[in-house]
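Hi,

Here is the structure I promised to pass on. My notes on it follow below.

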Amino acid sequence: MSAVSASGRPVLKVRDLEVRFSVKREGLFAKPSQLYAVDGVSFEIAPGRTLGLVGESGSGKSTTALAAARLIPARRGHVEIDGVDVLSLEGEALRQQRRNVQFIFQDPYSSLNPRLRARDVVREPLDRLGIDSPAERASRVAELFRDVGLRPEQERLFPHQFSGGQRQRLGVARAIASRPKLVICDEPVSALDVAVQAQILNLLRRLQREHGLTYLFISHDLGVVQHMCNEVAVMYTGRIVEQASRVRLFTRPLHPYTRALLSSVPSADPTLDSRAGRILITGDPPSPIDPPQGCRFASRCPIAIERCRSETPPLVAHEPDHRVACHRAGEPIGADATRTH
Amino acid sequence: MSEPHSGPLLSLRDLTVEFATRDGTVPVLDRLSIDLDAGATLGLVGESGCGKSMTALAIMGLVPSPPGRFAGGSILFADEDLTRASDAHLRDIRGNSISMIFQEPMTSLNPVYTIGEQIAEVLRRHQDLGRRAAWERAVELLDSVSIPLPGRRAHDYPHQLSGGMRQRVMIAIALACRPRILIADEPTTALDVTVQAQIFDLLQALREETGTAIILITHDMGVVAEMTERVVVMYAGRMVEEGPVRDILSEPHHPYTRGLIASVPHLHAEVSDEPEDLLEIPGIVPSLAEFGQERCLFAPRCPRVSDRCRSEQPLLRGSGGWHKAACWHPEAGPA
Ligand SMILES: Nc1ncnc2c1ncn2[C@@H]1O[C@H](COP(=O)(O)OP(=O)(O)OP(=O)(O)O)[C@@H](O)[C@H]1O
Ligand SMILES: Nc1ncnc2c1ncn2[C@@H]1O[C@H](COP(=O)(O)OP(=O)(O)O)[C@@H](O)[C@H]1O
Ligand code: SF4
Ligand code: SF4
Ligand SMILES: [Mg+2]
Ligand SMILES: [Mg+2]
């Protein structure tokens, strides 16, 4: 995979990751069912790069990230962060590993402790992980405030005294405080107004350039993903169905779901009639509880064939930087499946 | 459809809605004038807090009071001023002539009744249908919004449906009485794009079929471009630009509109290896306390600001009558 750059090993390497949840079924004595949240996911991210994870709500994006960071248990699989096998770590080694992966969440309102002053919000991971001396931590906080575009006098304020965008800046400062190898951004701008989104997206890109950060970037907004990511993986009901470089994924998508997804995005280009030639898919994704055999997109796929319902299509490389899981990858999607009126 | 009167179906004229706040009375809607023709589509865009939802609530006669009240102007619907209508009459209009769908369908559906019962209830109340006829019509409506197996699904409770299906049920309820106007306030913000595309297709098809005019509130310029013919850009309770969608997207006059378009990473067909940084609109929307001041309220964030902007309020001025902007130094040329 292209994720291994000249500078060496990937920052994050995930192999065959599986996460299941037990969910209660209706009926008093029914035994619990299995919810296949993440079902055999593999990918890598090279240093200084951004991998985007896209897919519908419930497709398993956040669960993948949480399991890779070992915040929830994986049922199976292998995760390496900068070469360290993290799923087998215990005790102090595990605690030390925590500094290497940090999160930026969607909702800056609920993800920051409202009782801490801004400087303590940012400093807390350093205290908790015992990073640097107390004096060094104070100057690190001042440096971080500058880095994310907050003013020194704001260090004393509480989170509720900040606007939504400023609070997300605090979240960013906190996430990069421990100099993590990997920053996981889970819908980092979805709760923000459009103008403020641009401010945060530009900030994330600037910090990446200046500090060589590596991002796993989760978003349902394809425009944002196209703007932010070097590589993109598309998830559908717990699995990656397509993964490619930005240019390939957006210009030559091969999986019918990716193609439907891209053609569903409303275009702001007034000269372009994006409704013509749209691949319209109907219905909803299948339930992740005891999901169907074979390709999980088969129930909505306009070009599904018999084989799709029995045989799971493996994720295979069509080009060196382009993996697709589809028995009919790239085949034309008939006129009956596209919009006609 | 033949009109009993000439002119627009709905016309806001200098509509002002005031809120009582700790710092005094402020206009959340400040002399707003908007026309909507029968069967037309209109987009309402702007950052949150600019008064889009309040505009919708005002049209529906649902301005929360207190703190809100009509403080001037009128809302003419079929030549009647809704700001003076009685509560009973407004309820009647809400059921039959103007309906609204909200962003989060779960909060507007009643969790203890099946969706069939909820649609049938609307029909019984407003259309005088019997129990049986109302239920049958409810199932038909579910079918018309592409709910699979509508006869069976009618017995489901809201929590048994996906977000997309719940929103389709809301549309079915909103269209139950064939309203003249449908107001949709961010109807797809909580949905995935493939489902959003289904909902928009559905709305377009229903509009073609019933001639219902649509007011669509959104922050997404792509949605505006696909769904509406005309767009109104709001900022701090005022209309700052209005015109045909094509003109506004290709040649926005107001710096705020220009910023709204350029600050969003739109999906492009041409993909570059290293995208440019996004254009930022610095700062944030002013707080309610600043609404109504006699100056350009966008001045603190505007790249073209001059002294005049800070002391004098720009009024809407047209180019060719259709495309208007409230700015002392409007932009010219493509976005
Ligand atoms: N703690 C949990 N217990 C049971 N099921 C869970 C739990 N967490 C997640 N799930 C389920 O796992 C699946 C994947 O969820 P996940 O949160 O990863 O989706 P996502 O892709 O991040 O979606 P979104 O875009 O809505 O954030 C979903 O079906 C979800 O309901
Ligand atoms: N019930 C209320 N009490 C006080 N202020 C309100 C209330 N509802 C809305 N507002 C204020 O009115 C302004 C316009 O709100 P709204 O119409 O909801 O904006 P939009 O829909 O454009 O996001 C905002 O400043 C908002 O905070
Ligand atoms: S494997 Fe079959 S059902 Fe799945 S996406 Fe490909 S063609 Fe469609
Ligand atoms: S009036 Fe002045 S401050 Fe307001 S938008 Fe126009 S140029 Fe900017
Ligand atoms: Mg998630
Ligand atoms: Mg609103």
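Chain A of this predicted model splits into two domains. Domain 1 covers 12–100 + 180–337. Domain 2 covers 101–179. Over C-alpha atoms, the centres of domain 1 and domain 2 of chain A lie 29 Å apart.

The two domains touch. Domain 1 of chain A puts 23 residues into the contact, and domain 2 of chain A puts in 22 residues. On the domain 1 side, two or more residues each come from strand S7 (182–186) and helix H6 (194–211) of chain A. H6(A) gives the most to that side, six residues. What kind of residues does domain 1 of chain A present to domain 2 of chain A? By class, there are 16 nonpolar, three polar and four charged residues on that side.

Now the ligand. Around ligand 1 there are 14 residues. Those that come nearest are Phe21(A), Ala37(A), Ser57(A), Ser62(A) and Thr63(A). Which elements of chain A supply at least two residues of this shell? They are strand S1 (12–23), strand S2 (33–45) and helix H1 (61–68). H1(A) has the largest share of the shell, with three residues. By class, the shell around ligand 1 holds eight polar residues, five nonpolar and one charged.

At the domain contact, H6(A) is the top contributor on the domain 1 side of chain A. Around ligand 1, the largest share comes from H1(A).

Best wishes

Notes
Residues are numbered from 1 along each chain as its sequence is written. Chains are lettered from A and ligands numbered from 1 in the order in which they are written. This is a predicted model: local features need pLDDT of at least 70, side-chain atom pairs count only at pLDDT 80 or more; totals for chains, interfaces and linings use all residues. Domain bounds come from an automatic or database domain assignment. Two residues are in contact if their C-beta atoms, placed from the backbone, lie within 7 Å. Helices (H or I, at least four residues) and strands (E, at least two) are DSSP runs, numbered from the N terminus. Ala, Val, Leu, Ile, Met, Phe, Trp, Tyr, Cys and Pro count as nonpolar, Asp, Glu, Lys and Arg as charged, and the others, Gly among them, as polar. A residue is near a molecule or strand if its C-beta atom, placed from the backbone, lies within 6 Å of it.
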